[in-house]
Amino acid sequence: MANSSSGKKSSEATEAATPPLTTMAVLAPAVGWLIPGAGHLIQKRWTRGVLLLGSIATMFVLGLLMQGHVYQPNGGDILDMLGFVGDVGAGGLYILTQVMNWGAGAISHATADYGTKYLIVAGLLNFISAADAYHIAVGKKP
Amino acid sequence: MILTLSHFSAAVLFAVFASVVFGITQRSTSREQFRYGLYCFAMFVGGVFVAGWVMWFLRR
């Protein structure tokens, strides 16, 4: 009897801890991944959205201007795959880069290595930004 | 167009953008976000100087 009562309480606690799956909870991280900062903008967090868009997009563009290496999906090597995961985090920026055939295939000078890191980190920061948009959508963050 | 930055300017620019994103995403209120962003920036740039001096001593 006591066990069934405690089991019921724990399932209630789990239900209370699970955030509600709303349209915004799905849309915000998806849009935020595709366009950096857009997940915040569609939730009317204007300042945060603009700052995220400015930071991530500028970092990605600087990486391209420094002739950073853009990783391809079929890298083969494990480090190339990790680089691709980082790059693809930039969402629409990465897709646009692939469509327009921007970026360098191989690193040709010293600062191009910085460019490669800028591209990867811009993508990783966008993943964090999309996760933050989700937390706002489910009410975990104001 | 090829952008050529020095090692230091590339590291400082990196610190600026990463700190902005960390500040916004890791804290809730505007004040906390600003303070945490500044803290991250100081840690990034401080880390650059520390790493620079460590490499200088290793090279001697």
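Helices (H or I, at least four residues) and strands (E, at least two) are taken here as DSSP runs, numbered from the N terminus. The structure is a predicted model, in which local features need pLDDT of at least 70 and side-chain atom pairs count only at pLDDT 80 or more, while totals for chains, interfaces and linings use all residues. Residues are numbered from 1 along each chain as its sequence is written, chains are lettered from A and ligands numbered from 1 in the order in which they are written, and side-chain values use heavy atoms, with hydrogens and water left out.

Among contacts (heavy atoms within 4.5 Å) between residues of chain A at least 6 apart in sequence, 73% join residues at least 24 apart.

A:His69 sits in the loop between helix H4 (46-65) and helix H5 (78-88), and it is buried because its relative accessible area is 18%. Leaving aside residues up to four places away in sequence, A:His69 touches A:Asp87, A:Ala104, A:Gly105, A:Ala106, A:Ile107, A:Thr116 and A:Leu119. A:Val99, by contrast, belongs to helix H6 (residues 92-100) and counts as exposed because its relative accessibility is 63%. The C-alpha atoms of A:Val99 and A:Ile42 are separated by 26 Å, the two residues being 57 residues apart along the chain.

Attention now turns to the partner chain. The contact draws on 21 residues from chain B and 22 residues from chain A. B:Leu3, B:Phe17 and B:Ile24 supply 28% of the area that chain B buries against chain A, more than any other three residues. Buried area is the accessible area (1.4 Å probe) that two parts lose on being put together, summed over both; between these chains it is about 2,000 Å², of which carbon and sulfur atoms give 75%.

Methods: Buried means under 20% relative accessible area, exposed over 50%, partly exposed in between (1.4 Å probe, protein chains only).
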